[in-house]
Each structure stands twice: as C-alpha cells, then as structure tokens.
Amino acid sequence: MSSGFHLGNGTRQGSLLSPYLFARYIRDLISNVVDSGVGCKIADQILNILAYADDLVLLAPSWNAIQSLLSILHAQATYIDMTINIQKTVAMVFTPSRRSMIVSHTFPPLKNCDHCIRYVEQFNYLGHIVTDSLTDDEDTNREIKNMFVRTNILLRKYKFCSVEVKTILFRSFCLCMYDAGLWKVYNKGTLNRFRSCYHKCLKIFFWLSTN
C-alpha cells in the first residue's frame with residue numbers, strides 16, 4: 001500500500017486506479033447514449049457510441065439523429081461536471097455508396113449547446129486518419145512520411161552502429177505501424193509508394209546501393 005495523497009482534481013497520470021475510476025465516472029453518460037436507441041443498425045445491433053477513454057465517437061444515420069445524441073451527451077456531461085472540448089470536436093458525413101440514397105450534399109451545422117461543430121473531410125482518431133471517402137490512402141501517406149522521418153533520425157544518431165544493432169533499431173522504430181492492419185480500401189499507387197518508401201529507407205539506413 002502506498003502512503004496517502006491528496007487529489008484536488010482527477011487522478012494521477014499513470015495511476016493504476018485511473019482507468020477504473022474514469023470508467024466508473026462516465027459509465028452513466030455512456031449508458032444514457034446507448035439506451036437512447038438512436039444510432040446505426042449493424043448486424044441487428046444499434047451502435048451509436050465508441051469510447052476509448054475520453055475520446056468519444058458518436059454514430060448516427062441522419063443529421064437529426066446525431067444532433068439528438070449530441071444533446072444527450074451534453075446533458076449527461078453537464079450533470080457530471082464534464083466539458084466537451086469544442087475545439088477538438090468535429091463532424092464528418094459519409095456519403096452513401098448508392099447515389100439514390102444521397103439526400104443532400106450540405107447539412108446545417110451541428111450544435112453542442114451554443115457552439116457550432118465544424119464539418120471536416122478527415123480527422124485523426126487514435127493515430128489513424130479517417131476520411132469521408134472511407135479510403136486509407138491518407139493514413140498510408142502518413143506512415144510513408146513517418147518512416148522517412150524516423151529513418152533519418154536514426155541515421156543521424158546511429159549510422160556507425162553494427163548491422164545487428166541497426167536491425168533492432170529499424171524494426172523497433174521504423175516498423176511500428178500498429179494501424180496498418182486496418183488498411184482495406186486504398187489506391188494501388190499509394191501502396192506502391194509505401195513499398196518504395198520501405199525499400200529506400202532500408203537502403204539509406206544500412207548503406208546499401210541505391211542502384
């Protein structure tokens with residue numbers, strides 16, 4: 001057991017109790033959203049909220065439905081003295097693949113209390129770039145840029161290390177693409193650029209011939 005400590009606001013960063021206590025803290029908020037019955041029907045189940053700690057995503061099939069969920073979320077957040085960061089809150093419209101199901105190309109602004117939520121074509125959620133076209137090209141391009149950056153950083157600091165050490169470093173820092181398993185819809189040219197990036201980074205870091 002640790003010695004006692006005072007908490008003025010929230011829990012300590014990295015504390016083992018923090019995830020458990022935070023889950024208890026927002027449990028009723030999430031339950032009220034889930035129990036609203038408003039959301040997208042997937043495999044006969046209503047799905048309307050994804051929660052990864054305090055990174056929340058609301059899902060709904062229409063403008064009215066998402067505004068209804070926002071109102072519920074705002075009311076529950078106010079009740080537990082929690083605020084929604086409007087600067088980091090965005091909305092995205094996914095266009096139906098069937099043109100006959102498109103009802104409009106523009107929608108009124110969604111509101112959280114008196115604040116309007118801006119519409120975006122892409123956003124970064126948990127490190128993965130989600131786009132309104134439901135393609136993974138932008139996220140692949142992000143990984144291409146990151147691989148070049150990481151390789152150049154390693155090259156500046158460890159270019160004279162042995163091949164064994166370099167191999168460990170490259171695998172640890174340049175191949176940490178945990179979200180690549182989510183790539184499903186992408187352009188063939190984008191994948192070829194990623195493959196070319198991988199080969200170039202290998203040759204640069206291990207001083208191999210580029211011919």
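Strand 3 (residues 49–52) and strand 4 (residues 55–58) run antiparallel, joined by four bridges. The model is a predicted one. Within this pair, Tyr-52 has Asp-55 of strand 4 as its bridge partner. Two residues separate the strands, and the unit is a hairpin. Ala-53 sits in the turn, with a positive phi of about 60 degrees.

Two other residues have a positive phi. One is Asp-44, where phi is near 65 degrees although the residue is not glycine. Asp-44 belongs to the loop between strand 1 (40–42) and strand 2 (45–47). Asp-44 is exposed, at 67% relative accessibility. The other is Trp-207, with phi near 55 degrees, again in a residue other than glycine. Trp-207 lies in the segment after helix 5. Trp-207 is exposed too, with a relative accessible area of 53%.

Strand 7 (residues 115–119) pairs with strand 5 in the parallel sense, over two bridges. Here Ala-91 stands opposite Tyr-119 of strand 7.

What does Tyr-119 touch, beyond residues up to four places away in sequence? The contacts are Trp-63, Ala-91, Val-93, Phe-107, Pro-108, Pro-109 and Leu-110. Two of these involve polar atoms of the Tyr-119 side chain. The side chain of Trp-63 makes a polar contact with that of Tyr-119, at 3.4 Å. The backbone oxygen of Pro-108 is 2.6 Å from a polar atom of the Tyr-119 side chain. Phe-107 is twelve residues from Tyr-119 in sequence, and their C-alpha atoms are 9.2 Å apart.

Now turn to helix 4 (residues 163–173). Its buried residues are Lys-166, Leu-169 and Phe-170. Why do these residues share one side of helix 4? They cover an arc of only 100 degrees around the axis, so they fall on the same side. An α-helix has 3.6 residues a turn, so positions three or four apart point the same way. The other side of helix 4 carries exposed residues: Glu-164, Ile-168 and Arg-171. What do the buried residues of helix 4 pack against? Their partners are helix 3 (137–158) and helix 5 (188–205).

How many disulfides does a search of the whole structure find? It finds zero. Cys-197 is in no disulfide, and its nearest cysteine sulfur belongs to Cys-201, 4.0 Å away. The cut-off for a disulfide is a sulfur pair within 2.5 Å. Are these cysteines buried or exposed? Cys-197 is buried, with a relative accessible area of 2%. Cys-201 is also buried, at 0% relative accessibility.

Technical notes. Residues numbered from 1 in each chain as written. Predicted model: local features only at pLDDT ≥ 70, side-chain atom pairs only at ≥ 80, totals over all residues. Heavy atoms only, no water. Buried < 20%, exposed > 50% of the residue type's maximum accessible area, 1.4 Å probe, protein only. Arc of directions from axis to C-beta. Contact = heavy atoms within 4.5 Å. Pairing = 2+ DSSP bridges. Polar contact = N/O pair within 3.5 Å; in protein donor to acceptor, adjacent residues only side chain to side chain.
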